[in-house]
Amino acid sequence: MASVHRVVVLAIDGAYPFDLGIPSRVFGDVDGRYEVLTCSVDGRPVRTNSDFSITVEHGPEALRTADTVVIPPFVTTAITREMPAALLEALGSVRPGTRLVSICTGAFVLAAAGLLDGRPATTHWALADLFRAWYPQVALDPDVLFIDDGDVLTSAGAASGLDVCLHIIRKDHGSEVANQVARMCVAPPWRDGGQAQYIQHPVPEATNSGVAVSREWALEHLHEPITLADLAERSRMSLRTFARRFNDEVGMSPGRWLIRQRVDRARHLLETTDQPVDEVAYQVGFAGGTSLREHLHAAIGVSPLAYRRTFRGALAQAR
């Protein structure tokens with residue numbers, strides 16, 4: 001086995017306890033492949049936004065040993081354009097090449113340190129205007145759950161902190177490991193980073209007339225041709241009503257959702273089998289290898305063979 005990957009969480013005064021615990025909860029379920037440490041700027045207890053403080057075991061020296069640094073969010077009342085010198089000094093001790101991850105307002109810290117200059121990033125949608133005003137040099141996209149820019153990943157609100165951590169596990173160890181962790185956390189195994197942060201329309205209450213039955217059926221029949229009419233019929237709705245309800249409940253169109261499920265299933269097969277690309281394409285419902293190549297490239301920017309080689313190489317190195 002390769003050496004254990006060390007994740008260091010930098011706790012900042014005003015931290016949200018739930019978000020602060022996300023990295024430990026998620027990475028801690030990957031059977032010893034990650035070690036998670038929590039530190040503060042000065043090694044002292046950290047005030048949370050609740051009626052209690054948190055004692056941490058490590059000071060800023062832990063940051064120098066990190067393979068990945070995670071900056072969880074803190075209350076907006078603690079946000080200033082110029083972050084405290086001690087905080088920026090602590091962050092400056094991180095080794096070059098260390099993977100940096102922010103959740104929600106944590107992006108303000110990376111931006112204040114100049115680590116997001118000229119790069120795409122996201123934060124909570126409600127803070128987008130303030131972020132743009134303070135850091136116009138950052139290519140902010142407030143409409144997505146998270147952005148992976150290689151060695152720097154930024155995410156939106158609390159739930160997207162789970163998403164970006166699961167995404168990292170998927171990158172490091174593949175979809176099977178990430179899915180196992182998601183099941184332990186009782187969380188969705190994969191939400192694409194480009195998905196909208198929130199749905200503008202109220203989400204209808206779950207009823208027998210919802211679209212869940214159609215989505216469940218589609219996942220069991222991905223290898224077959226599936227039309228909008230097929231899905232609408234199983235939910236006993238007209239095409240127009242079904243398309244509207246689907247978008248309200250899921251946050252995207254049925255066609256876009258179906259493509260994402262097929263790409264996700266294809267990635268899993270590319271990671272876990274030696275099946276030819278054409279066979280993988282047919283198993284997930286694409287017309288052939290060409291169609292799979294187009295959709296996979298649109299989703300993650302690589303071909304099926306390149307994806308398989310990259311994953312197998314990372315897996316062999318980890319082993």
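Is R170 buried or exposed? I looked R170 up first, and at 5% relative accessibility it counts as buried. My cut-offs for relative accessible area are under 20% for buried, over 50% for exposed and partly exposed in between, with a 1.4 Å probe and protein chains only.

**Ground rules**

I am working on a predicted model, where local features need pLDDT of at least 70, side-chain atom pairs count only at pLDDT 80 or more, and totals for chains, interfaces and linings use all residues. I number residues from 1 along each chain as its sequence is written, and side-chain values use heavy atoms, with hydrogens and water left out.

**Entry 1: salt bridges**

I took a salt bridge as a side-chain nitrogen of Lys or Arg within 4 Å of a carboxyl oxygen of Asp or Glu. The structure holds 11 of them.

I stayed with R170. Its salt-bridge partner is D264, with the closest N and O atoms 2.8 Å apart. D264 sits in helix α10 (residues 254–272) and R170 in helix α5 (residues 158–173), so this pair ties together parts that are 94 residues apart in sequence. I take helices as DSSP runs of H or I with at least four residues, and strands as runs of E with at least two, numbered from the N terminus. D264 is buried too, with a relative accessible area of 19%.

Next I checked D13. It forms a salt bridge with R47, and the closest N and O atoms are 3.5 Å apart. D13 lies in the loop between β1 and α1 (17–27), and R47 in strand β3 (residues 46–47), so the pair links parts 34 residues apart in sequence. D13 is partly exposed at 34%. R47 counts as exposed at 53%.

D29 and R25 form another salt bridge, with 2.2 Å between the closest N and O atoms. D29 counts as partly exposed at 27% relative accessibility. R25 is also partly exposed, at 41%.

I also noted a network of salt bridges that links R119, D149 and D151.

**Entry 2: helix α10**

I went back to the helix that carries D264. α10 has 19 residues and reaches 27 Å from its first C-alpha to its last, close to the 27 Å expected at 1.5 Å a residue. The expected span is 1.5 Å times one less than the number of residues. Buried residues in α10 include P254, W257, L258, D264, L269 and L270. R260, R262 and R267 are also on the buried list.

**Entry 3: F246**

I found F246 in helix α9 (residues 239–250). At 1% relative accessibility, F246 is buried. I counted a contact as heavy atoms within 4.5 Å. Leaving aside neighbours within four places in sequence, F246 touches V211, R215, G251, M252, S253, P254 and W257. P254 and W257 are among the buried residues of α10. From F246 to A232 I read 9.5 Å, C-alpha to C-alpha, across 14 residues of sequence.

**Entry 4: nonpolar cores**

A nonpolar core here is a set of buried Ala, Val, Leu, Ile, Met, Phe, Trp, Tyr and Cys residues joined through side-chain atoms within 4.5 Å. The largest has 33 residues, and L63, F108, V109, L116 and F131 have the most contacts inside it. At least two residues each come from β1 (5–11), β2 (34–40), β5 (68–71), α2 (85–92), α3 (106–112) and α4 (128–134). The largest share, 5 residues, comes from α3.

A second, separate core of 30 residues includes V101, F146, C165 and A182. C165 is buried at 0% relative accessibility.

I then listed the contacts of F131. Beyond four places in sequence, they are A107, F108, A111, L116, T123, V138 and L140.

**Entry 5: strand β10**

I count two strands as paired if DSSP finds at least two bridges between them. Strand β6 (residues 99–103) pairs with β10 in the parallel sense over 4 bridges. V101 stands opposite L153. Strand β9 (residues 146–148) runs antiparallel to β10, joined by 3 bridges. There I147 has T154 as its bridge partner. The hairpin of β9 and β10 has 3 residues between the strands, and in it G150 takes a positive phi near 85°.

**Entry 6: cysteines**

With a disulfide taken as a pair of cysteine sulfur atoms within 2.5 Å, the count is 0. C104 is buried at 10% relative accessibility.
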